Amino acid sequence: MDTPPSPLAAERPEGSAVRIGALVPLTRPGWVEAGQHLLAGLELAVREVNDAGGIVGRPLELVVRDTAADPQKAAAAVDELARLGVAALAGEYHSVVARAAAVRADALGLPFLCSSAVLDVLTEQPTEWVARLAPAQSHGWRIYADFLLGEGHSRIAVAAESSVYWASGTRILRDYLASRGGTVIELDMRALTPTAVCDELLDNRATALLLLVGHPEPAVSIVRSVRRDRRLAEIMIGAPAGQPEFAEWATVLGDDGAAIPFLRYLPERLSRLGARVETALRERLGEAPSFVAFEGYDTVAVLADVLRSHGVDRARTAESWPRVAVEGTRGQIRFSRTPGISVWQWAWTPVQVVDRDPAAPDRFRILHAG
């Protein structure tokens with residue numbers, strides 16, 4: 001592998017901290033609750049690594065930077081963290097932001113283990129420097145499309161905002177459903193109000209509406225409009241990107257937020273490790289942990305294993321992705337080259353379609369697994 005010049009030129013003194021840069025959305029317009037869960041998982045794993053002796057006797061330290069869902073801010077953070085001498089990068093929830101971070105990390109020769117972002121193309125060219133835990137969008141959203149077809153939905157409307165992520169999701173759904181007799185009707189949320197969406201659903205004879213929009217707005221307003229329109233009592237609302245996963249959704253929408261299927265990356269039953277981590281995360285967060293918190297924990301578990309085995313040299317870390325075999329909270333983690341994916345990919349974490357139970361909105365129902 002061609003290794004770009006590394007700013008980590010000087011050896012650290014024995015016993016000094018091994019630092020990992022953490023990219024996390026912690027302020028708006030970032031999805032703050034997702035960022036908090038991601039950070040909780042990262043921090044818990046770091047604490048456990050240090051309790052177990054650190055990285056060959058050296059403490060592991062997170063250097064956290066808030067991306068606020070801003071690609072330029074994330075790229076600048078990667079530059080700063082590289083100058084600070086971090087051994088690797090971890091984290092990020094928003095796909096478009098993770099893509100900017102991955103491109104910059106690739107250019108600098110800084111290993112980046114992406115925790116949560118799913119956009120298929122994180123770098124334009126294949127790279128040795130970036131690996132990912134979350135499933136690619138094309139994988140998860142095809143499973144979601146299978147669920148829709150299994151429920152009898154073939155005329156599906158998508159209320160979509162303008163972004164690379166939403167456009168990619170729309171294309172995945174359209175291509176997959178079209179080959180199976182389904183139709184995707186795109187509703188441009190730059191031009192429609194939530195009330196106007198209801199009329200469009202009727203005019204297009206859609207049986208399902210997918211929210212490919214930001215949270216809390218306009219997602220919350222769209223849900224309220226559809227739920228209150230008696231003409232649309234039979235329509236299914238879905239949110240493949242996972243907006244209903246977090247407690248804020250149930251707090252804001254109450255009963256209206258139930259029965260909205262979304263993608264979640266958890267197994268049907270957690271392993272002993274997963275159950276222990278779930279208990280610790282619940283205590284740290286003060287609420288049930290989302291799958292994003294598990295992604296954070298697993299990220300540090302992988303990086304700690306690599307750093308213990310191969311040292312803190314950045315090139316050696318990047319070269320180690322294909323040799324990773326780590327027991328994570330959701331199964332054994334291994335990375336491979338996957339067609340259409342430019343980074344090292346865990347193929348695949350468990351994928352579920354779940355919703356909040358209308359009888360008890362704090363409880364999730366597993367509707368489909370892939």
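## Basis of the model

The model is predicted, and local features need pLDDT of at least 70, side-chain atom pairs count only at pLDDT 80 or more, and totals for chains, interfaces and linings use all residues. Residues are numbered from 1 along each chain as its sequence is written, and side-chain values use heavy atoms, with hydrogens and water left out.

## Overall fold

The secondary structure of the protein comes to 11 helices and 16 strands, where helices (H or I, at least four residues) and strands (E, at least two) are DSSP runs numbered from the N terminus. The radius of gyration, taken over C-alpha atoms, is 21 Å, close to the 21 Å that the globule rule gives for 370 residues, so the protein is as compact as a globular protein of that length; the rule is 2.2 Å times the number of residues to the power 0.38.

Along its principal axes the C-alpha trace spans about 70 × 40 × 35 Å. Buried residues (under 20% relative accessible area, with a 1.4 Å probe and protein chains only) make up 57% of the 370 residues. Among contacts (heavy atoms within 4.5 Å) between residues at least 6 apart in sequence, 70% join residues at least 24 apart.

## Helix α9 against α10

The axes of helix α9 (residues 272-285) and helix α10 (residues 291-310) come within 11 Å and cross at roughly 110 degrees, the axes being lines fitted to C-alpha atoms over the stretch in contact, with angles running from 0 to 180 degrees between N-to-C directions. That makes α9 roughly perpendicular to α10, a class that covers 65 to 115 degrees.

On the α9 side the contact involves L273, G274, R276, V277, E278, L281 and L285, which meet A293, F294 and Y297 in α10. These residues divide into seven nonpolar, one polar and two charged, with Ala, Val, Leu, Ile, Met, Phe, Trp, Tyr, Cys and Pro counted as nonpolar, Asp, Glu, Lys and Arg as charged, and the others, Gly among them, as polar.

## Helix α9 against α1

The axes of helix α1 (residues 32-51) and α9 come within 10 Å and cross at roughly 120 degrees. The two helices are therefore oblique to each other, the class left once angles under 35, over 145 and from 65 to 115 degrees are set aside.

The contact is made by Q36, H37, A40, G41, E43, L44, R47 and E48 of α1 and R276, V277, A280, L281, R284 and L285 of α9. Its residues divide into six nonpolar, three polar and five charged.

Methods
Buried means under 20% relative accessible area, exposed over 50%, partly exposed in between (1.4 Å probe, protein chains only).
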